[in-house]
Amino acid sequence: MSQPDASFETLLVHLKENRGFDFTGYKRSSLTRRVNRRMAHVGISNYAEYLDYLEVHAEEFTALFNTILINVTGFFRDAEAWDYLRAEILPSVLAAKAPDEVIRVWSAGCASGEEAYTLAMSLADALGVEEFRQRVKVYATDVDEEGLTHARHATYDERRVRAVPAPLLERYFDQVGGRFAFHKDLRRSVIFGRNDLVQDAPISKIDLLACRNVLMYFNAETQSRVLSRFHFALAPAGVMFLGKAEMLLSHTKLFHPIDLKRRVFRKVASPVPPNGGFLTEAPPAHARPPIGGLDLLRHAALLASPLAQVVVTVDGLIALCNRQAEDLFGVSSRDVGRPFSDVALSYRPVELRRYIEQTHVERRTFRVTDIEYIRGVETSYLDVQISPLTYNDAGLLGVILSFHDVSESRRLRDELQQANRQLETAYEELQSTNEELETTNEELQSTVEELETTNEELQSTNEELETMNEELQSTNDELQAINDELRDRTGDLNQAKHFLETILTGLRAGVAVLDGDMRVLVWNRHAEDLWGLRQEETVGQHFLNLDIGLPTEQLCPLIRRTLAGDPGPHEMLLSAVNRRGRPIQVRVAGSPLDGVEGTASGAILLMEMEQDGGQFDGSLLVPLGKQDGQHTPETAGADDTTTTG
Ligand SMILES: C[S@@+](CC[C@H](N)C(=O)[O-])C[C@H]1O[C@@H](n2cnc3c(N)ncnc32)[C@H](O)[C@@H]1O
């Protein structure tokens, strides 16, 4: 993945110029991580290519924007800091206001609103709901419109409100369909709006400003800019509440810590006043016993002082100076008695004459700090203290100028500030990484939830499948039972068929059973023997179309009568030719095959060949047991086609 480079900066400038969003003031470490993450998502590995992608895919900006703006938040986030704010800070903020004065609060970078509603609950708790509604305005701003939409909704799920103390949850939320909605009457006092802390003008006259876990995403320069806006935004005694990574160690001129650990600061109304701690106490008025040789002693003490010191009389003449003053500024005992204004020290390295005059007037100590003093190649830094010299009621005797060399302490202070800045940056970095981890954690959590949902869906599908399976099983059982029954019936049928075939084979006559259309249904073994056609060749064929030696057309009237349901008996004696081509006499008897309600569904034809001597097989008329040719037909005659009955 690309390192931050010129193309990364080009990308930021593009976003600023084309999308109106300025990320150039954001810390590069976290920013590049977030952009890289987005690029990995769309499968791009360098910034220039990603810029092209952004130009073509307008919707990608929203995704990038949402990835960069980490919106981890929560009710009473860092509970200990909120406890402190509620117990120690809010009472003093409220006490500083007149009873009917409006209290203005600003949640800057409010994400999805939890911080703003936490402020509202805390204030409502301190003031009572009615007074809260009349006096408090909570302005809640963010640059992320999506977050603001969520915040305006004021509805959160169970997991989100877990951090709200139970009594507050009960007092300030309504439960609606498993979700928690912030009370409408308090909600009205919370005003949401879009405000870009880097580019937009701040809200003014704010008594309490919460800007938590936002500054840490900005670089030092942008932080300074935003902080001077906050300084402007706050009322004179306004209080600022930052996130736990935001220590403000390098902005002590604008804000004083009230509690550094909990990140609560008060606005500093004006630059630090001159230090009054150097005022020279006049000796007590009551007289002490005189001590001899004091002048000499004082003189010696002055000379021995480690500080460079010069004493100037009320008339402006140099009265005393010590060795350090000579070493540092070249003012020596030779200059004693000269007007101080004649020596270069009076105006270099700092204009002192003005301070001396002011000391005469105000009779108090002045201090001028951090004066750069260049001597040749050496630069040092000095603090100068100008103190009045008085003695009892004698009035002003003169002025003593003391020069402290603070180069070393300044160097140490700079180093400390630098270390603080680094510490601050490292801490903020850690915190933002932490927030990223929290986001990733939330993403994981939502993936787990998604998996859980999918799992539940699968379970329910599984249950449905099991039910279907059971239904199929029971249908299967029913089919099995039907099948068994069918098999039984088929067995019965086969048995019946076999029985019928046995009977048909047992008959000595040929049998042909025809359906209503004279198609052959049954053709027994004797019929095969008689006419030389096998069962397979006849079944399904029209009887009159059979190519056999029987003149079937002559049988037509007999068959028709039989099919008409006439019970008969119908008989004919016909001359025919058997399968061997020998002429034979055949007697044919027809009887109707019973159909519904007395109709015939077909015809049974028995065909019996005349034996030598005019005898027939007799099977037509005689039951099986009586066969063997003892029977004589009622009607006989080779050419006779009469029917009886
Ligand atoms: C980590 S959240 C902090 C939310 C809340 N203050 C808290 O501490 O729980 C950071 C928020 O700062 C917002 N933010 C980032 N840059 C901003 C800017 N330039 N102006 C205003 N809000 C910004 C983001 O949209 C996000 O909602």
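This report describes selected local features of a predicted model.

## Basis of the description

The model is predicted, and local features need pLDDT of at least 70, side-chain atom pairs count only at pLDDT 80 or more, and totals for chains, interfaces and linings use all residues. Residues are numbered from 1 along each chain as its sequence is written, and side-chain values use heavy atoms, with hydrogens and water left out.

## Backbone features in loops

Helices (H or I, at least four residues) and strands (E, at least two) are DSSP runs, numbered from the N terminus. The loop between α13 (323-329) and α14 (353-362) contains Pro349. A cis peptide bond, with omega of about 10°, joins Pro349 to Arg348.

Phe76 belongs to the loop between α4 (60-68) and α5 (79-95), while Met518 belongs to the loop between β16 (510-515) and β17 (520-523). In this report, buried means under 20% relative accessible area, exposed means over 50%, and partly exposed lies in between (1.4 Å probe, protein chains only). Phe76 is buried, with 6% relative accessibility, and Met518 is buried, with 4%.

## Helix α6

Helix α6 covers residues 114-127 and has 14 residues. From its first C-alpha to its last, helix α6 reaches 20 Å, close to the 20 Å expected at 1.5 Å a residue; the expected span is 1.5 Å times one less than the number of residues. Because 12 of its 14 residues are buried, α6 is largely enclosed by the rest of the structure. Among the buried residues are Glu114, Glu115, Tyr117, Met121 and Leu127. Just after α6, Gly128 takes a positive phi of about 95°.

## Aromatic pairs and charges over rings

Rings of Phe, Tyr and Trp (its six-membered ring) pair if their centres lie within 6.5 Å; planes under 30 degrees apart count as stacked, over 60 as edge-to-face and the rest as tilted. A search of the whole structure finds 21 aromatic pairs. In one of them, Trp82 and Phe241 are edge-to-face, at 5.1 Å centre to centre and with 80° between the planes. This pair links distant parts of the chain, with Trp82 in helix α5 and Phe241 in strand β8 (residues 234-242), 159 residues apart. Both Trp82 and Phe241 are buried. Trp106 and Phe230 also form an edge-to-face pair, because their ring centres are 5.6 Å apart and their planes are at 80°. Here the link runs from strand β1 (residues 103-108), which holds Trp106, to helix α11 (residues 220-233), which holds Phe230, across 124 residues. Trp106 and Phe230 are both buried. An aromatic cluster is formed by Phe21, Phe23, Tyr26, Phe61, Phe65 and Phe218.

A charge sits over a ring if NZ of Lys or CZ of Arg is within 6 Å of the ring centre and within 35 degrees of the ring normal. Arg212 lies over the face of Phe241, at 4.3 Å from the ring centre. The charged end of Arg410 is placed over the ring of Tyr381, 3.9 Å from its centre.

## Salt bridges

A salt bridge is a side-chain nitrogen of Lys or Arg within 4 Å of a carboxyl oxygen of Asp or Glu. By this rule the count comes to 37 salt bridges. One of these joins Arg33 and Glu436, whose closest N and O atoms are 3.1 Å apart. Arg33 lies in helix α2 (residues 28-42) and Glu436 in helix α15, so the pair ties together parts that are 403 residues apart in sequence. Arg33 is partly exposed, with a relative accessible area of 32%, whereas Glu436 is buried, at 9%.

Arg534 and Glu536 also meet through their side chains in a salt bridge (2.8 Å, N to O). Arg534 is partly exposed, at 44% relative accessibility, and Glu536 is exposed, with a relative accessible area of 57%. Salt bridges that share partners join Arg33, Arg34, Glu429 and Glu436 into one network.

## A residue contact across the sequence

Asn195 is placed in the loop between β6 (190-194) and β7 (206-211). Asn195 is buried, at 9% relative accessibility. Asn195 and Asp142 are 53 residues apart in sequence, and their C-alpha atoms are 5.5 Å apart in space.
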